[in-house]
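Please open the model in your viewer and keep the sequence panel beside it. The tour goes from one selection to the next, with a short account of what is found at each stop.

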2 protein chains.
Amino acid sequence: MAERGILERATFAPGDNIFKEGDPGDNAYVVQSGAVEVVKNIDGENVVLGIINKGAIFGEMALIDDNPRMATARALEGTTLIVVSRTLFTAKLAKTDPFIRGLLNIFAENIRNMSKKA
Amino acid sequence: MAERGILERATFAPGDNIFKEGDPGDNAYVVQSGAVEVVKNIDGENVVLGIINKGAIFGEMALIDDNPRMATARALEGTTLIVVSRTLFTAKLAKTDPFIRGLLNIFAENIRNMSKKA
């Protein structure tokens, strides 16, 4: 990723929780190196929803709403993440083409509405 | 909207269809002036899903998938639209911050998956 300025990074050892289901969420993350497992407690059982690999984004719903984390994210190996706070996100949005920004708003709104119905 | 370069525009008289349910779709639109009614045929009846006013975007799903239009869009009054083709969208995306671009991809993917389940 071509990024300017100073990015906040965080490192995790294998097995470390990045966040836990039910936690309040303020940041999204980009996997710079390593891998992250997303686990959700369904009827008392831990179900792996997916693995997030290098370059991928997770935790992004924290940027568009105030709901608690819907799943737990855990480092599968030594992992470095780029932390995208709401503040950084807002700054990035301000520099974004208005059409793209409008599209992002519509998509976020659709996801919110569809999630309510689900 | 602060836009640079030459934008394609299209004008419609009251009652004109912009696109019809079932049409293939290649463009999204921004309402520059006027208003647009979105109508869907549900069990043989025309149901108004919403009114799109100045500054708002519609038809945006055409930019992310090849599905036919899910509803009809019709000018309610004399209406001027900014036409955003896939080509223009791709050019805008190329200039967008990689994190914002990644987010847009994730959201589009979520909407696609949720739509399949609905």
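Begin by selecting β3 and β8 of chain B, where β3(B) and strand β8 (residues 79-85) pair in the antiparallel sense over six bridges; strands here are DSSP runs of E of at least two residues, helices are DSSP runs of H or I of at least four residues, and both are numbered from the N terminus, while two strands pair if DSSP finds at least two bridges between them. Within this pair, V31(B) stands opposite L81(B) in β8(B). This is a predicted model, in which local features need pLDDT of at least 70 and side-chain atom pairs count only at pLDDT 80 or more, whereas totals for chains, interfaces and linings use all residues. Residues are numbered from 1 along each chain as its sequence is written, and chains are lettered from A and ligands numbered from 1 in the order in which they are written.

Is strand β3 (residues 27-33) of chain B enclosed or open? Five of its seven residues are buried, so β3(B) is largely enclosed by the rest of the structure; a residue is buried if 20 or more other C-beta atoms lie within 10 Å of its own, exposed if 12 or fewer, and partly exposed in between, with C-beta atoms placed from the backbone.

Next, stay in chain B and select β2, β7, β4 and β5, which form an open sheet of four strands in that order, with antiparallel pairing. The edge strands, each pairing on one side only, are β2 (17-19) and β5 (45-52) of chain B. From one strand to the next the twist averages 35°, where axes are lines fitted to C-alpha atoms (for helices over the stretch in contact) and angles run from 0 to 180 degrees between N-to-C directions.

Five bridges link β1(A) with strand β8 (residues 79-85) of chain A in the antiparallel sense, and the bridge partner of F12(A) in β8(A) is T79(A).

For the next stop, select A73(A), which has its place in strand β7 (residues 72-75) of chain A. This residue counts as buried because it has 24 C-beta neighbours inside 10 Å. Not counting residues up to four places away in sequence, A73(A) touches I18(A), F19(A), V36(A), V38(A), F58(A) and G59(A); two residues are in contact if their C-beta atoms, placed from the backbone, lie within 7 Å.

From there go to V36(A), whose contacts, leaving aside neighbours within four places in sequence, include I52(A), A75(A) and L76(A). Of the 45 residues in the largest nonpolar core, Y29(A), V36(A), Y29(B) and V36(B) touch the most other members; such a core is a set of buried Ala, Val, Leu, Ile, Met, Phe, Trp, Tyr and Cys residues joined through C-beta atoms within 7 Å.

For a contrast, select D43(A), in the loop between β4 (36-42) and β5 (45-52) of chain A. With 5 other C-beta atoms within 10 Å, D43(A) is exposed, and its phi is near 50°, a positive value in a residue other than glycine.

Finally, show both chains together, where 23 residues of chain B are in contact with 23 residues of chain A. On the side of chain B that touches chain A, α1 (86-94) and α2 (98-117) of chain B each supply at least two residues, and α2(B) gives the most, with 12 residues. The residues of that side divide into 16 nonpolar, three polar and four charged, where Ala, Val, Leu, Ile, Met, Phe, Trp, Tyr, Cys and Pro count as nonpolar, Asp, Glu, Lys and Arg as charged, and the others, Gly among them, as polar.
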